[in-house]
Amino acid sequence: MQVALSEAGVRCVAWITEKAEGPFSCPGCSGEVILKKGKIKEHHYAHKPPFDCLYGAKESEIHYRCKREIFQALSSHPNCSECEIEKPLDGARPDVYAVISSNKVAIEAQKTSISINDIERRSSYYKWLGINVLWLIPHNSPKLIWRDGQEEWVHRLKSWEKYLHAIYYGRVYYWNGGLSVLPCHFGNFQIWVKESEWYDEDDEYRQEGGYYSNARTLKKPIMYPGGPLNIAEDFAPKARSRFDSKNWSVPECNIWFDSLSPWW
Ligand SMILES: [Zn+2]
């Protein structure tokens, strides 16, 4: 967590707070938290052990940095007001919240531990609150693997990435520092299905393969060629209607969306 409460109940943002202003407590469980102000790592609070609270759990260094940089950049951007980090809303806590050009926006930097249910629940809850949501991936590119046979770099799409890709009409947003994000579409990647032939249990001749087929999880990343977009300048609200697929459903929600035509 990057915000804790002082004894007087004041919200203290880690990087502008000094240890002497403590003790501090967790906004989730009210247990004591320690302000960590190292020289290398992002400033944050950690529960004093022993503790049994999931508030602020599993936040990585890049997640901290992503939240801080977005918050700082939005706070000084002329289009933005009411900027808050880890804003306490009844039932949700966006990483960064701001009013951008008169639109309420919740920015969520996705954590690796998030489930599709969680994304669905929070997205529809933000709609109920009249807030547009922007889900970001706090890395500046997809993790690629080399496909030897085809000599190509591909990305193995995780289920939550597939889900975000569906919500945002065929793109995800990689965070590129400050307010800069890189839109990326995941295109189909074809794999060669080897030809094989055999006789089945009824002694019938069977043959399969010998063609290309779309891989299920391996995808070809196609970054937007026009370069990065700015969260405060290149996005606008868009009502996302419900969409059901075989395995999951995208809820009705209001997304914070770019205005690009498909580039793939
Ligand atoms: Zn706690």
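Is Glu82 buried or exposed? Glu82 is exposed, because its relative accessible area is 55% (buried means under 20% relative accessible area, exposed over 50%, partly exposed in between, with a 1.4 Å probe and protein chains only). The points below place that residue in its setting.

1. Basis of the note. This is a predicted model, in which local features need pLDDT of at least 70 and side-chain atom pairs count only at pLDDT 80 or more, while totals for chains, interfaces and linings use all residues. Residues are numbered from 1 along each chain as its sequence is written, and side-chain values use heavy atoms, with hydrogens and water left out.

2. Overall architecture. The protein chain contains three helices and 21 strands (DSSP runs numbered from the N terminus: helices are H or I of at least four residues, strands E of at least two). Its C-alpha atoms occupy a box of roughly 80 × 45 × 35 Å along the principal axes. Of the 264 residues in the chain, 45% are buried.

3. Zinc site. Four protein residues supply donors to the zinc ion: Cys26 (SG), Cys29 (SG), His47 (NE2) and Cys53 (SG), at 2.0 to 2.3 Å from it. Donors are N, O and S atoms within 2.8 Å of the metal (3.2 Å for Na, K and Ca); water is not among the atoms, so sites may look incomplete. The spacing of the donor residues in sequence is C-x2-C-x17-H-x5-C. The arrangement is tetrahedral because the four donor atoms subtend angles of 102 to 122 degrees around the zinc ion (four donors count as tetrahedral if all angles lie between 85 and 135 degrees). Ideal angles at a metal are 109.5 degrees for four tetrahedral donors.

4. Cys29, at 37% relative accessibility, counts as partly exposed.

5. Aromatic pairs. The whole structure holds 12 aromatic pairs (rings of Phe, Tyr and Trp, the last by its six-membered ring, pair if their centres lie within 6.5 Å; planes under 30 degrees apart count as stacked, over 60 as edge-to-face and the rest as tilted). One of them, Tyr168 with Phe257, is stacked, at 6.5 Å centre to centre and 25 degrees between the planes. This pair links distant parts of the chain, 89 residues apart: Tyr168 is in the loop between α3 (159–167) and β12 (172–175), and Phe257 is in strand β21 (residues 253–258).

6. Helix α3 and Tyr169. Seven of the nine residues of α3 are buried, so that the helix is mostly covered. Among the buried residues of α3 are Trp160, Tyr163, Leu164 and Ile167. Just after α3, Tyr169 adopts a positive phi of about 50 degrees. The charged end of Arg240 sits over the ring of Tyr169, 4.1 Å from its centre (a charge sits over a ring if NZ of Lys or CZ of Arg is within 6 Å of the ring centre and within 35 degrees of the ring normal).

7. Arg93 and the largest pocket. The charged end of Arg93 sits over the ring of Tyr55, 3.6 Å from its centre. The largest pocket has about 410 Å³ of space. Of its 20 lining residues, the closest to the pocket centre are Leu54, Arg93, Lys111, Asp118 and Arg122. Helix α2 (residues 116–128) provides the largest share of the lining, three residues. A pocket is found on a 1 Å grid over the protein atoms alone, as an open set of points where a 1.4 Å probe fits, with protein on both sides within 12 Å along at least five of seven lines; lining residues have an atom within 4 Å of a point. The volume is the space filled by probe spheres set on the points, which are joined across faces, edges and corners.

8. Backbone points to inspect. Glu82 lies in strand β6 (residues 80–85) and has a positive phi near 55 degrees, in a residue other than glycine. Ser102, in the loop between β7 (96–100) and β8 (103–109), has a positive phi of about 70 degrees and is exposed, with a relative accessible area of 70%. The peptide bond between Gly22 and Pro23 is cis, with omega about 5 degrees. The bond from Pro49 to Pro50 is also cis, with omega near -5 degrees.

Key: Tetrahedral: all angles 85-135°; square planar, octahedral: opposite > 155°, others 65-115°.
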